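Subject: Model for your files, with notes on pockets

Hello,

Here is the structure I said I would pass on. My notes on its pockets follow below.

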Amino acid sequence: MTDNITSAKKYAKAMLDALKDQNKLDEEYSELVEVRKIFKENPSLASILESSQTSADQKQSLLKPILENGSDFLINLFNIIDEYQRYTEVVTIIDEFGKLYNKENSIVTAEVTSAVELDNDQQSKIADAFANRIGAKKVVLNTRVDSDIIGGIVLRSEDTLIDGSVKARIEKVKELLLK
């Protein structure tokens, strides 16, 4: 698995550099997100494409719906993926590319846990406040509900943890009382 991630990072870096040179980073990123979705929703697709039992014609017919309206970049990418038999790494390659894309564009992904479902306005305010705090242009939130935190929120990103839950406050008071 480590080798797959290592090679996926190399592909992702090369893709980012090529797309930056062509000023097509945003345009191609959205296309890659769609391709990732197809491979994620059809987990056996990569194995079938990589199988030695799958003929070139069969591969072409499986890839046609993905590539028929695809950009030259996407077609070239899949030619390379086919040549080096990296179909099982497509999702990982795009994930690694997404990380580089987010870093390039100061986009941070964070998970927010709350005791109750957050509405869009609350999510937007949390994302904006967190973006200001860490200096990001944009924060993408993944929300999760966990009634065990009682109230408040817990926000986690790659290198930040903010625990504003009632449960954490109760634990701190308990700790102070037991000293």
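The largest pocket holds about 530 Å³ of space. A pocket here is an open set of points on a 1 Å grid over the protein atoms alone, where a 1.4 Å probe fits, with protein on both sides within 12 Å along at least five of seven lines. Grid points are joined across faces, edges and corners, and the volume is the space filled by probe spheres set on the points. This is a predicted model, in which local features need pLDDT of at least 70 and side-chain atom pairs count only at pLDDT 80 or more, while totals for chains, interfaces and linings use all residues. Residues are numbered from 1 along each chain as its sequence is written, and side-chain values use heavy atoms, with hydrogens and water left out.

Lining the largest pocket are 19 residues, with Lys99, Asn102, Ile107, Val108 and Glu158 closest to its centre (a lining residue has an atom within 4 Å of a point). By class, the lining has 7 nonpolar, 6 polar and 6 charged residues.

The second largest pocket has a volume of about 280 Å³. Its lining counts 13 residues, and Tyr29, Val33, Asn102, Thr109 and Val140 are nearest the centre. Two or more residues each come from helix 2 (25–41), helix 6, strand 1 and strand 2 (138–145). Helix 6 again gives the largest share, 5 residues.

Regards

Note on methods:
Ala, Val, Leu, Ile, Met, Phe, Trp, Tyr, Cys and Pro count as nonpolar, Asp, Glu, Lys and Arg as charged, and the others, Gly among them, as polar. Helices (H or I, at least four residues) and strands (E, at least two) are DSSP runs, numbered from the N terminus.
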